[in-house]
Amino acid sequence: MKNASLFSVLILLSIASFSQANLSAFPLSSVRLLNSPFKEAEQTDLQYMLQLDADRLLAPFLKEAGIAPLKENYGNWENIGLDGHTGGHYLSALANMYAATGNTEVLRRLNYMINWLDSCQRKAGNGYVSGVPGGKALWNEMAEGKIQAGSFSLANRWVPLYNMHKLYAGLRDAYLIAGNEKAKAILIKLSDWFISITKNLSDDQMQQILKSEQGGINEVFADVAAITGDNKYLVMARKLSHKAILNPLLQNKDSLNGLHANTQIPKVIGYKRIAELDGDTAWAKAAEFFWNTVVKHRTVSIGGNSVREHFNAANDFSSMIDDVQGPESCNTYNMLRLTEKLFLSNPKTAYIDYYERAVFNHILSSQRPTGGFVYFTPMRPQHYRVYSQPQECFWCCVGTGLENHGKYGELIYAHNDKDLFVNLFIASKLDWKEKGISLVQQTNFPAQETSLLKITLNQPQTFNVHVRYPSWVTNGQMQISVNGRKWAATKDENGFVVINRTWKTGDEISIRLPMHGAMEYLPDGSPWASFVYGPVVLAAKTDTSNLIGLVADGSRMGHVAGGPRYSIDKAPVIVTAQSNPALQLKPVKNKPLNFTMTDLIAQSDYKNLTLQPFSSIHDARYMIYWRVTDEKGLKQLQQKLAEEEKQKLELENSTVDQVAPGEQQSEVDHQFKGDITETGTFKDKHWRNANGWFSYQLKNSQHTGKKLRVMYYGADKGSFDVFINGALLKKEEQDGTKGNSFFNVDYIIPDNYLNTQAEYVEVKFSATANSKTPRVFYVRLMK
């Protein structure tokens, strides 16, 4: 108790020091959105949330506790190993939405779920509660030191620690955001349970566990330390911090190529949270370095990152253009959480510039106006997104999607002990109860370039209002007036315009934010660029045909836009000699943020395209990134693209199904199994090998798959067998003499190896005695 009391004092001192030097966000309950696209998105999210059945979300927890469920699980990811993960997200989403709206049905559901989780925990008797299938046996094995961890598995189960994190975070949010005291009690007991089952594990064993995706479990334990004032939870938070990711960041090294992006971002949030509590400046700087690396070198214009869920090479964004699995919504959700923490501890407007870009473009666009969330947002020219539906789809991006649109009010404003910060230009009302200050922001931004702040106070007060000077406003062009009188819009060292005066009820601050068009090229310097206007990414709707799977079903690959890929060589091309082609855009009359681009597009078929905010485009194919060239280079470019695209499309058209070994979601989607197997990256490609074996199931529902194509590396050695549906297809012996390059081997599959009644083909690679397989880089089932 003495140690806990001492730590509690240290936490309070840390918080006091933090408050003096840094900012605090307002509670969501202090901010109400007013009419705007963000308010509409909030209400759409609310309706989606209310369509979900709490009893079905609770079913995995009741089953694991030995209580008969009131209803059966949902399907999709809620019934194939990640059972319960959506329930954790739902707690966070309900807490956010109740705080943001005061909706009493939302609060009732939150309390209902917490009460049932309490019953599950009481039934267990040791603090445990979870929806992880077979979790009790799994955690008992782990407590005994029996640890089998891969990048997306632990004890041969799909990321169970990641799954647990969603519950931890949901309980935390139910308490901190919605004030549910029972959630706090469950959270603390669950944290004590985890400490008890890992107490005999060494640091090396803990680090082995952390190879598996864990969803930021270190952050939650740091939060429990702050909630309780007990240092043991902060000790556990440090134990749960993955050194393989932390150590390069501490050395300012970017070692992110090929890593699963959304596995790493939450870990870094945890590093930052721990640093806030124990003052570790090295860990705080590591988080800053990560943010700078990702935002400046690995992020596209909408604020998102990753291809097929992994960080592509920072110097090669070609896969971002080619692939249909572009930036994942979960990544941006977590980058925004990290950005908020970094901004509040170091209030530079650069953080808000990114935050604004990501919120206005990626997050706002990731929800269909009629309901439904987006997993991947392709940057591939003329592709499209697909949307979830409430009773069918339970992807990770549904979970974060439920949360995203209930917390737009989170960082519009911030404060320190006496001053108010206006960060974002979103129509809203702020109630700073502790200071007796109310502020209404009236704006139609970004459709209009102005915002009006109206202040109401209990009594006149002297304080500073800090108004952000956005990076997209040219120096000297921002205009501010107070009660009709001009105020010099001069930036301070953090990028804010500081207005100091004695304020009274009725005071008004008028803000004008002149926007202009610009072209932003991909971070690798390649000639692909997007149009932006102020903070708004502009895109063009090109087509509404062949939107196969637009509204996803519960199938394994339903979250991927699997319709035809239109040829990149036939996509519209920007032809200009100007350094900033955006200057040639012409505004459409009476349509804010809409522009014609007739003089810029080479092909006559596309000259009537209109640019509009990307967030306003739905149920359509679109262009965000455009190939930019001049007249001289156009013909040569078209020939080059046509040849490259012909080869790519021929390969795709002859492919029945494919799996990328070592890539998390690709392997999960193809029912990976294995024993004594490893993964890694080499020359920016993922691989898997084995001293034992590994297998996948490749879809062959039309029974057109007749050939297996496998990519290996020439210098690798190995003796192994390749099986199809349990039958030996080929004995292989690779001696490493094929040189330092990748090569493909085609295996013809005899008809009698294929089951015409089955929808899938099992492919297995098995090492022979005293050997191992070479690294397998790609597997295709082909016609």
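**Close-up 1. Contact of helix 13 with helix 14 in the predicted model.** Ile 265, Val 268, Tyr 271, Lys 272, Ile 274 and Ala 275 of helix 13 meet Trp 283, Ala 284, Ala 287 and Phe 290 of helix 14 (contact means heavy atoms within 4.5 Å). These contact residues comprise nine nonpolar, no polar and one charged, where Ala, Val, Leu, Ile, Met, Phe, Trp, Tyr, Cys and Pro count as nonpolar, Asp, Glu, Lys and Arg as charged, and the others, Gly among them, as polar. Helix 13 (residues 261-278) packs against helix 14 (residues 281-297) at an angle of about 145°, the axes lying 8 Å apart; axes are lines fitted to C-alpha atoms over the stretch in contact, and angles run from 0 to 180 degrees between N-to-C directions. Helices (H or I, at least four residues) and strands (E, at least two) are DSSP runs, numbered from the N terminus.

**Close-up 2. Helix 12 and what covers it.** In helix 12 (residues 243-250), the buried residues are Ile 245, Leu 246, Pro 248 and Leu 249, buried meaning under 20% relative accessible area with a 1.4 Å probe, protein chains only. Their cover includes helix 13 and helix 14, and helix 12 is followed by Asn 252, which has a positive phi near 55°.

Close-up 3. Strand 26 (residues 673-682) and strand 27 (residues 685-699) run antiparallel and are joined by nine bridges, pairing being assigned if DSSP finds at least two bridges between two strands. Gly 674 stands opposite Phe 694 in strand 27, and Lys 683, in the two-residue turn of the hairpin, has a positive phi of about 50°.

**Notes.** Residues are numbered from 1 along each chain as its sequence is written, and side-chain values use heavy atoms, leaving out hydrogens and water. In this predicted model, local features need pLDDT of at least 70 and side-chain atom pairs count only at pLDDT 80 or more, whereas totals for chains, interfaces and linings use all residues.

Key: Buried means under 20% relative accessible area, exposed over 50%, partly exposed in between (1.4 Å probe, protein chains only).
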